[in-house]
Amino acid sequence: MVGIVIVSHSNKLAQGVMELAKMMAADAPVAAAGGLEDGSFGTSYEKIDTAIDSVYSDDGVVILMDMGSAVMTAEMVIENMPNKKIQMIDCPLVEGAVVAAIASSSNQSMGEVINEAKNAAKESKL
Amino acid sequence: MTDSKKITSIIKEIGNVIQKEKDFLTELDSFIGDADHGINMARGFKEVEKKLPGLEDKDVGTILKTVGMTLVSTVGGASGPLYGTAFMKAGMAIGAKNDIDGDDFITALNAAVEGIKMRGKSHEGEKTMLDALIPALNTIKNVYEENKDFKAALEQGVKAAEEGVEYTKTIIATKGQAILVKEALDIKIPVRHLHI
């Protein structure tokens, strides 16, 4: 199954998004990398690195992130893992995580998981 | 020529200025940002300072790369990947040298600026640090090529960077959190220059 890493400036937000995704797809390998080591707001290179390793398999890993440094820090972690199959997805964090988890737990490929999450941006709520 | 020991003492001095100006940097970031720049940078450079004694006998490339990686790991905000990439790219450009000269410095600064452009997906004219860095780089390059006087080149470079800062007050931000404040031009931000 494709691993899913949730990167956020907030530890609680990342954990919450992970819980929500797991509620919809309990089997999906989802890991949270939120906030800094001391619990304050920010994005941590080490936390993202560890989260990727914890859900990595040959099926690959997708990263969903909030904004700013979350995007740049995730980019740097990926650059330092050149032989791994990892991709960031430009999608809404919550909706993207839920559909990605469902797609992953249904054993869809990395490309399919990415498409599902990207399409989440087009769903209108009202 | 500048050796590894001197490089570590320069980086320590950069850290000292950042610690000293922590509140000012945070204040700047409070006008249109999330008011954590000084706190973040001070945290990053405090960790850098701890590593410096162990780096004095390493080559300049290793020193700069270690500083970059430490900033990425500990700053936490957007400055982490930006400054981190700058130092790491500068370190890679210099490589395993124990002494560097003016030409090496220019090569390193050029690589750092290119790194910031790449990481921030940004270019000149977007009200970012590049508006100070690029004029500084160009001036240092031109002055040094002309007369090989590195001190004069640096002095002129600092002046060009300061002019760049003044220029940013006249343009509208198209990168970073500042774009959320469309009227950012009207906010009177008390910019002054930090001298190392």
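A: Domain bounds come from an automatic or database domain assignment. On that basis chain B is divided into domain 1 (1–100) and domain 2 (122–187), and the C-alpha centres of domain 1 of chain B and domain 2 of chain B lie 19 Å apart. This is a predicted model, in which local features need pLDDT of at least 70, side-chain atom pairs count only at pLDDT 80 or more, and totals for chains, interfaces and linings use all residues. Residues are numbered from 1 along each chain as its sequence is written, while chains are lettered from A and ligands numbered from 1 in the order in which they are written.

Q: What confidence does the predictor give to chain B and to the complex?
A: On the pLDDT scale (the predictor's confidence in each residue, from 0 to 100), chain B has a mean of 90, and 90% of its residues reach 70 or more. For the complex, the predictor gives an ipTM of 0.78 and a pTM of 0.86. Where pLDDT is low, the predicted coordinates should not be read in detail.

Q: Why does the radius of gyration of chain B agree with that of a compact globule?
A: The radius is taken over C-alpha atoms, and the globule rule is 2.2 Å times the number of residues to the power 0.38. For 196 residues a compact globule would have a radius near 16 Å; chain B has 16 Å, and therefore agrees. Its C-alpha atoms fill a box of roughly 50 × 40 × 30 Å along the principal axes.

Q: What are the helix and strand counts of chain A, and why is chain A called compact?
A: Helices (H or I, at least four residues) and strands (E, at least two) are DSSP runs, numbered from the N terminus. Chain A has 5 helices and 4 strands, in the order β-α-β-α-β-α-β-α-α from the N terminus. The globule rule gives 14 Å for 126 residues and the radius of gyration of chain A is 13 Å, so chain A is as compact as a globular protein of that length.

Q: How many residues form the contact between the chains, and of which classes are those of chain B?
A: Two residues are in contact if their C-beta atoms, placed from the backbone, lie within 7 Å. By this criterion 9 residues of chain B are in contact with 11 residues of chain A. Helices α4 (60–74) and α5 (79–94) of chain B each supply at least two residues of the side that touches chain A. Ala, Val, Leu, Ile, Met, Phe, Trp, Tyr, Cys and Pro count as nonpolar, Asp, Glu, Lys and Arg as charged, and the others, Gly among them, as polar; that side of chain B divides into 3 nonpolar, 5 polar and 1 charged.
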